[in-house]
Amino acid sequence: MPSRVDPDPQSPILILGGTGTVGSRIVHQLAAASIPALVASRSGAAPESEHLTGVKFDWYDESTHDAPFKAAGDRGIRAVYVIAPPIIDSGPVMKAFIDLALAKGTRRFVIQSSTAIAAGHRMGMGQIHKYLRELGNEGKADWCALRPTWFQENFSTQANHIDSIRNENKIYSATGIGKLPWVSADDIAAVAVKILTQKEPPHTEYKLLGPNNLSYDDVAHELSQVLGRRIKHDDLPREDFEQRMLAYGMSEDYAKVMANLDHAISLHAEHRMNDTIERLLGRKPKYFHDTMKEAMAVWQ
Ligand SMILES: NC(=O)c1ccc[n+]([C@@H]2O[C@H](COP(=O)([O-])OP(=O)(O)OC[C@H]3O[C@@H](n4cnc5c(N)ncnc54)[C@H](OP(=O)(O)O)[C@@H]3O)[C@@H](O)[C@H]2O)c1
């Protein structure tokens, strides 16, 4: 299907979840490169910049799904970055939006999935990864699936971690001594910007990993060093961890998935290493310690 989008570089890139941990970083990087972007979220907020336009968009309110295309006007939207809503069965609503975008002439889709979610997985992004791959094989879309491991920034952005570090000098998990290669949201965003703006269609997936594997005990040690006070890791039984996620407002099915993922880490499922970020960005991925140092005010 030929693209109906004006190839004009002034055609904006749509960032769904544009106010979130990764989305906000993508938005800043695009604005810094003078690339126009639509920043979509329920609030419709966008940083002050001549290159950015905020758009009110709610996955659960179909009447808002046309708003980004209205905001783009005749130029159309040249690429979309997709961050899923936080429900297990997010596939149908994301598929409907991708179909709408294709009908409006958008061709490139970059999705934020996870190392834990392969193409075809029952969770929404697994379904969308499979769908985009099929569209790509039929020549109907350009696509790329970013599959980051756990974010270094979780400790400074997620309320459960912020509260326990601040109030109890503790972090909780059900990961035992399992290690994982924590990745920085800055690096995920830099890869996303590259893929969203590069000329060649990507048609592939990338597992995005940080530079070294650390257990939650190691994380507690790093935090202790940065904060100058002892932070401990409390390793919970899977069911207790699930209850903790429920207490922080997660739905039952999502909390179960998160607890199962922690259990998988305890069995070393996430102990990985690759050079993907260095290959794509031409530099080393960011170290966990540096991200903690930048965020330390959050826990004081
Ligand atoms: N954290 C990790 O370690 C990790 C690892 C791998 C993959 N992931 C994946 O990354 C994704 C989360 O990314 P993130 O941490 O960058 O996002 P985030 O910080 O949780 O932000 C979510 C974004 O989505 C928007 N949003 C929430 N509900 C919405 C709705 N109903 N309609 C429209 N927009 C909505 C939020 O803005 P408003 O609230 O203003 O709408 C915000 O911009 C998840 O799919 C997760 O599975 C996370």
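This is a predicted model: local features need pLDDT of at least 70, side-chain atom pairs count only at pLDDT 80 or more; totals for chains, interfaces and linings use all residues.
Q: Where does Ser113 lie?
A: Ser113 is in the loop between strand S5 (108-112) and helix H4 (124-137).

Q: Which residues is Ser113 in contact with, leaving aside its neighbours within four places in sequence?
A: Ser113 is in contact with Met125, Leu146, Arg147 and Pro148.

Q: Why is S5 described as largely enclosed by the rest of the structure?
A: Five of the five residues of S5 are buried, so the description holds. Arg108, Val110 and Gln112 are buried on one side of S5, and Phe109 and Ile111 are buried on the other. In a regular strand, side chains alternate between the two faces of the sheet.

Q: How do you know that S4 and S5 pair?
A: Strand S4 (residues 79-82) and S5 share four bridges in the parallel sense. Pairing needs at least two bridges, so S4 and S5 pair. Val80 has Phe109 of S5 as its bridge partner. The chain passes from S4 through helix H3 (residues 91-103) to S5 in a right-handed β-α-β crossover.

Q: What joins S5 to S6?
A: Five bridges join S5 to strand S6 (residues 142-148), and the two run parallel. In S6, Trp143 is the bridge partner of Phe109. From S5 the chain crosses through H4 to S6, and this β-α-β crossover is right-handed.

Terms used:
Residues are numbered from 1 along each chain as its sequence is written. Side-chain values use heavy atoms; hydrogens and water are left out. Contact means heavy atoms within 4.5 Å. Buried means under 20% relative accessible area, exposed over 50%, partly exposed in between (1.4 Å probe, protein chains only). A crossover is right-handed if, with the strands pointing away from the viewer, the path from the first strand over the helix to the second runs clockwise.
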